[in-house]
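The following questions and answers go through one protein model. Each answer ends on the value or name asked for.

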Amino acid sequence: MRELAASFVVPGPAGVAVRDRLRVSDADAAVLTEVGVFLGSLASGDLAERSRQGLAHDATGRAVRKRALTGKSSARWAGSITKATHDQWALARRGQAAHLSRLRGQIASIEARLARPLGAKADRGAGLARGYALRGEWHAKSRRLHTLKDRLVVVEADWAAGRVHVVRGGKRLANTRHQLTAAGLSEQQWRQRWQAERMFLAADGESGKRFGNETIRITDTGKLTLKLPAPLAHLANAPHGRYVLDATVRFRHRGQEWRDRITANRAVAYRIHHDPVRGRWYVTASWQRAAVPVLPLEAALARGVVGVDMNDDHLAAWHLDVHGNPVGAPQRFFYDLTNSAEHRDAQIRHALSRLLHHTRRCGAAAIAIEDLDFTDSTSREKHGRNKRFRRLISRFPTAKLTARLVSMVAEQDIAIVAVDPAYTSGWGAQHWQKPLATPARTISRHDAASIAVGRRALGYPIRRRTTPLPAHQSDVQGHRTVQARPEARRREETRPHPPGPRTRCVPPEVERKRETSLPKTVRGSATEQQSWQQDSLPLSV
């Protein structure tokens, strides 16, 4: 059994993003498209230049690129493009590092199993992996080992040279161009999506400027104005080369918080994007939040906790009091992850909303979740034969669930406690599934796991209090374990004898009301000839 990590309170989100629909006219849509395509071409060229610089990039190189873009657009657009380009390169670099680590792990796993005899069992004590079952599987894995080593050589060369592979618009959409029939798209539809993904209409905010952004400005009344690049200044319908849209922006979610920021001229970043499938335009506002001190773990658990076990199709939750006892009935919040990304996102958001409502009804101030990371489990080297299980883990939205839950509880005064996920399902089913099941209520393995998660967050062991001794209810045979915490006083002493009669025990000072009868085999005895009769109760009492 590995050592368990300590539970901790998940820090709140560092930023906020809200979105609103832009009901633009045809003229406004044409202007936004022309500006977005022009700036997107500049962003593509800058990304290519940044990729060619590789590890030789420095502040001087960025300044040179920014000056080159300023003459083609403006200083503010050039700053937004160079920053977005650098962020995209850094993201690709982090993905490359993760891919490199994954390849090395897969190679080490295959080499360890190839070194073992066929059919050999794993020995965790000695650190030996299990061998492959069949000779054909051993041969296939040996060929895969050479393929992975060849990939590793290429990735290591790219990493050493600082070379990344990035596709503006997405690699998946780019490959879809070669299989339009299978995707159910026409060439015109694909080009619309490709153009929408490669447009650039994003600008970072700047504190101290009017309404927090000079490039894309939204006033407190909802009027949106856009600073046009120099080659497209002829499209302006307002002074100083600006274009005013007919659409009005109204952020319904966190609208007051956004309005307070722009009124105080604090930085707000905006991004305008187009959805060609729906034919709609959207604007997204984002800003950073002030760092909030993390709530201490003891304070977060002062009113109990709601333990949550995350599964492929539902969230299993159970409310636990401060002593670690389950209260009420288990709750299940289902969602469906089989359709489009928008549908999956809506399903997750709806399930988490119901979870928050249940937490507030219970009076708890914390939600305990597992700190899951299925990065290694999705590889075919760990679950090679079980493809169904690997697909299940691959589509399981662990990061999205955690990130969205943290952002949703930020304004609800509810803390998120992350616990080590080791053995929660097995130990929960072992200690809690059968005792809590009743003829009218079926307890699943996931419900029991939610109790295990909550108890681990509270600092209690997962196992239940042990059953009383079979001989009698005293502590003559020794003190029962897992009853009191180590800091409890006098916990090793025997229980004091309570005064009064005990179960199945008659005090010695009480007079017996019936005579001891002889065995039934004795015939003609005095007790057999007498009939026993209970005294009548006094009516005056």
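Q: In which hand, left-handed or right-handed, does α2 pass α3?
A: This is a predicted model, in which local features need pLDDT of at least 70 and side-chain atom pairs count only at pLDDT 80 or more, while totals for chains, interfaces and linings use all residues. Residues are numbered from 1 along each chain as its sequence is written, and side-chain values use heavy atoms, with hydrogens and water left out. A crossing is left-handed if the near helix is turned anticlockwise from the far one by less than a right angle, and right-handed if clockwise. For α2 passing α3, the crossing is right-handed.

Q: At what angle do the axes of helix α2 and helix α3 cross, and which class does that give?
A: Axes are lines fitted to C-alpha atoms, for helices over the stretch in contact, with angles from 0 to 180 degrees between N-to-C directions. The axes of α2 (residues 59–72) and α3 (residues 75–114) come within 8 Å and cross at roughly 135°. Angles under 35 degrees count as roughly parallel, over 145 as roughly antiparallel, 65 to 115 as roughly perpendicular and the rest as oblique. The class of α2 relative to α3 is therefore oblique.

Q: How many helices and strands are in the protein chain?
A: Both are DSSP runs numbered from the N terminus: helices are H or I with at least four residues, strands are E with at least two. The count for the protein chain is 15 helices and 13 strands.

Q: Is arginine 254 buried or exposed?
A: Arginine 254 is in the loop between β6 (242–248) and α8 (255–263). Its phi is positive, about 60°, although it is not a glycine. Buried means under 20% relative accessible area, exposed over 50% and partly exposed in between, with a 1.4 Å probe and protein chains only. Because its relative accessibility is 18%, arginine 254 counts as buried.

Q: What is the relative accessibility of asparagine 265?
A: Asparagine 265 lies in the loop between α8 and β7 (269–275). It also has a positive phi of about 60° without being a glycine. Asparagine 265 counts as partly exposed because its relative accessibility is 29%.

Q: Which residues are in contact with threonine 359, leaving aside its neighbours within four places in sequence?
A: Threonine 359 is in helix α10 (residues 341–362). At 0% relative accessibility, threonine 359 counts as buried. Its contacts beyond those neighbours are Val306, Ala364, Ala366, Ile367 and Ile414.

Q: How far apart in space are glycine 363 and valine 306, C-alpha to C-alpha?
A: Glycine 363 is in the loop between α10 and β12 (366–370). In sequence, glycine 363 and valine 306 are 57 residues apart. In space, their C-alpha to C-alpha distance is 9.7 Å.

Terms used
Contact = heavy atoms within 4.5 Å.
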